[in-house]
Amino acid sequence: MICFEIEERGSKRLIEEVEAMWTSSFDLHCHTTHSDGSLSVDELADEMAKQQVKVWSLTDHDTIAGWDEAKRAASERGIKFIPGVELTCDVELPWNREILEANSRNRPPSSWHLLAYFPHEPLEDGLKQFEAWLSPLHEDRVPRMLEMIDKVNAFGMKIDPVDVLSRAKGSVGRPHLAMAMVDAGHVESMNEAFEQWLGDGRPCNVERPKPSLAEATALVHAAGGITSLAHPRYYGVDYETLIQHLKASNVDAIEAFHRSHSDDDRHRLWKLAEAYGLGVTVGSDFHSFNGGHRPGHMPVVINALPELISSA
Ligand SMILES: [Zn+2]
Ligand SMILES: [Zn+2]
C-alpha cells in the first residue's frame with residue numbers, strides 16, 4: 001500500500017492506493033558521460049546495483065553510444081538492461097506561465113524530451129533506420145556549439161571553444177558554454193547566461209531542427225520500440241491536454257513517476273494515463289550526486305508500466 005499526498009481545491013489530503021502492486025526495482029531514465037552525466041557507464045552500473053535496481057535503462061541525450069558498454073556492465077551485475085535514449089523534440093503545445101511557475105520553472109521549455117525504449121532486441125532494419133535518423137541530431141551538437149561561441153565572441157565576451165568542448169565528457173550542450181561564461185566572468189550565473197544570451201530567442205542561441213513526437217515515435221515503433229514523454233511537469237501544459245496530445249501522436253506512455261514530481265503529479269498523471277489507455281514509466285533522471293540525487297528508489301505501479309517493459 002502506498003499513500004499519496006494529493007491536492008484538491010487548494011487543500012492537501014492523504015489517500016491510500018491499496019489495490020495496486022508496487023515495485024521500486026525499475027530505473028528507466030538516467031545519464032552518463034556519453035551525454036551530460038558525471039559517471040561512466042560502469043560507475044553508474046555499480047550505483048544501480050548498490051541501489052537494488054533490477055531493470056535499468058540508460059537514456060543519454062540523442063545518442064545510443066553507451067548501449068554495448070551498458071549491456072555488458074548490467075549483465076555482469078545481474079541487472080536486466082533495456083536500451084534507451086532521450087530524444088530532443090520540438091515544443092508542440094503552448095506553455096502556460098501560471099503552470100510553469102506553479103512548478104517552479106522560471107523559463108519556458110526550449111524542447112520536449114521523448115524517451116525511447118527497445119525492451120526486446122531492436123528489429124535490425126528498423127534500428128539501422130533509427131540510427132541513421134539519430135546521428136545528425138547528435139553530431140549537430142558540435143558545429144552548433146561552435147556557431148554559438150562565435151556569436152558570444154562577437155559580443156566581446158572572449159570564450160575559447162577548446163575550453164567549452166573539454167567541459168563535455170559526452171555530448172556538448174548549452175550548459176557547458178554557460179559554465180565557461182560564468183568562469184570567465186562574463187555573467188554572474190548560469191541562469192543569467194541563459195536569460196541574456198543562450199536561451200531560446202536570445203541573441204547567441206543557434207536553433208537546431210528538432211523532430212516532432214509523432215515522427216520520432218514512428219521511427220521507434222519501426223525498430224520495435226516504444227516511447228514515453230519525459231518529465232511532463234516541465235512543459236507548462238495542463239496534464240489532460242498533454243495526454244490527449246500524446247495519444248494523437250501515438251506516444252505509448254508518460255513518465256508519471258519522475259524524480260521531480262510531487263505525489264500529486266504522480267497520482268494525477270497515473271490516473272489520467274490509465275483513463276486514456278497510456279502506460280506510465282519511472283525514472284530518477286540521475287545525472288550526478290549533486291543535490292543529494294541518487295538512482296533508483298522510485299516506486300511505480302507494476303501493471304501501469306507498458307507491457308513490453310514489465311515483461312522485459
Ligand atoms: Zn530531459
Ligand atoms: Zn534526462
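**From a strand pair to the core**

In this predicted model, Tyr117 has Ile226 of strand S8 as its bridge partner. The two strands concerned are S7, residues 112-117, and S8, residues 226-229, which pair in the antiparallel sense over 4 bridges.

Both strands belong to an open sheet of 7 strands with mixed pairing, ordered S4-S5-S6-S7-S8-S9-S10. At its edges are strand S4 (26-27) and strand S10 (279-283), each of which pairs on one side only. Helix H11, spanning residues 263-276, packs on the sheet and touches S10 as well as strand S9 (253-258). The direction of H11 makes about 155° with that of S9.

Beyond its neighbours within four places in sequence, Tyr117 is in contact with Leu28, Ser57, Ile82, Gly84, Gly225, Ile226 and Ile309. The largest nonpolar core has 61 residues, and those touching the most other members are Leu114, Tyr117, Ile254, Ala273, Val280 and Val300.

Leu308 lies in helix H12, residues 307-310. Is Leu308 buried or exposed, or something in between? Leu308 counts as partly exposed because it has 18 C-beta neighbours inside 10 Å, whereas a buried residue needs 20 or more.

Terms used. Residues are numbered from 1 along each chain as its sequence is written. Chains are lettered from A and ligands numbered from 1 in the order in which they are written. This is a predicted model: local features need pLDDT of at least 70, side-chain atom pairs count only at pLDDT 80 or more; totals for chains, interfaces and linings use all residues. A nonpolar core is a set of buried Ala, Val, Leu, Ile, Met, Phe, Trp, Tyr and Cys residues joined through C-beta atoms within 7 Å. A residue is buried if 20 or more other C-beta atoms lie within 10 Å of its own, exposed if 12 or fewer, and partly exposed in between; C-beta atoms are placed from the backbone. Two residues are in contact if their C-beta atoms, placed from the backbone, lie within 7 Å. Two strands pair if DSSP finds at least two bridges between them. Axes are lines fitted to C-alpha atoms, for helices over the stretch in contact, and angles run from 0 to 180 degrees between N-to-C directions.
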